[in-house]
Amino acid sequence: MFEKDLVLPKKDRQVFKEQLGTELYDSDLEEFHAQTTLITVGDVVSLTFRKHGMTPFLSIYDGMTERREMTEFAILVEDEEKDEVVNPAGKITRELVDCIRRRIEGSGGLIKVDGEEDLALMPVILLAPLGSDIIYGWPGKCMMRITTDESIRSKIEQMLFRMEEEE
């Protein structure tokens with residue numbers, strides 16, 4: 001499925017803005033326990049978990065939040081080992097997918113995206129072990145929690161079929 005870079009067609013952008021998962025708030029983190037693997041997508045979400053004393057197995061971030069520079073998480077992890085990949089807005093590059101796969105099959109860690117990490121949620125859902133907790137930000141509202149299962153994977157595959165392969 002990820003043999004080539006994928007591009008989100010303008011006509012389908014609204015479909016990709018639908019809420020996935022269940023709402024999760026900062027106050028929920030006092031009693032939060034990941035079922036298995038914990039993965040965060042986004043700077044604010046990754047920072048929030050670190051501030052609550054939880055280091056996710058994998059965090060994917062781009063140094064931005066709602067199109068503004070978000071340096072607090074980037075500064076927090078600047079001395080930690082990380083992979084850096086290019087992934088422009090509205091795309092899922094093979095480079096990003098390959099990096100996510102390596103990190104999930106390995107020891108996790110950090111992936112810093114030059115571009116935008118929003119669509120990284122999709123390959124993460126497909127590549128993470130079943131039962132993984134994936135947390136991403138719902139801008140201006142809350143965090144969202146997805147626990148991977150066959151149902152969410154099927155939904156993501158259907159969404160990916162709407163994307164166009166880039167030559």
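The sections below go from the overall chain to local features.

## Basis of the model

The model is predicted; local features need pLDDT of at least 70 and side-chain atom pairs count only at pLDDT 80 or more, whereas totals for chains, interfaces and linings use all residues. Residues are numbered from 1 along each chain as its sequence is written, and side-chain values use heavy atoms, with hydrogens and water left out.

## Overall chain

The protein chain contains five helices and 12 strands (DSSP runs numbered from the N terminus: H or I of at least four residues for helices, E of at least two for strands). Its radius of gyration, taken over C-alpha atoms, is 15 Å, close to the 15 Å from the globule rule for 167 residues, so the chain is as compact as a globular protein of that length. That rule is 2.2 Å times the number of residues to the power 0.38.

Along the principal axes, the C-alpha atoms fill a box of roughly 45 × 35 × 30 Å. Of the 167 residues, 49% are buried (under 20% relative accessible area, with exposed over 50% and partly exposed in between; 1.4 Å probe, protein chains only).

## Helix H1

Helix H1 spans residues 43-51; seven of its nine residues are buried, so the helix is largely enclosed by the rest of the structure. Among the buried residues are Val 45, Leu 47 and Phe 49, and also Asp 43 and Arg 50. Just after H1, Gly 53 adopts a positive phi of about 80 degrees.

## Residue Asp 26

Asp 26 lies in the loop between strand E2 (22-24) and strand E3 (38-41). Its relative accessible area is 44%, which means that Asp 26 is partly exposed.
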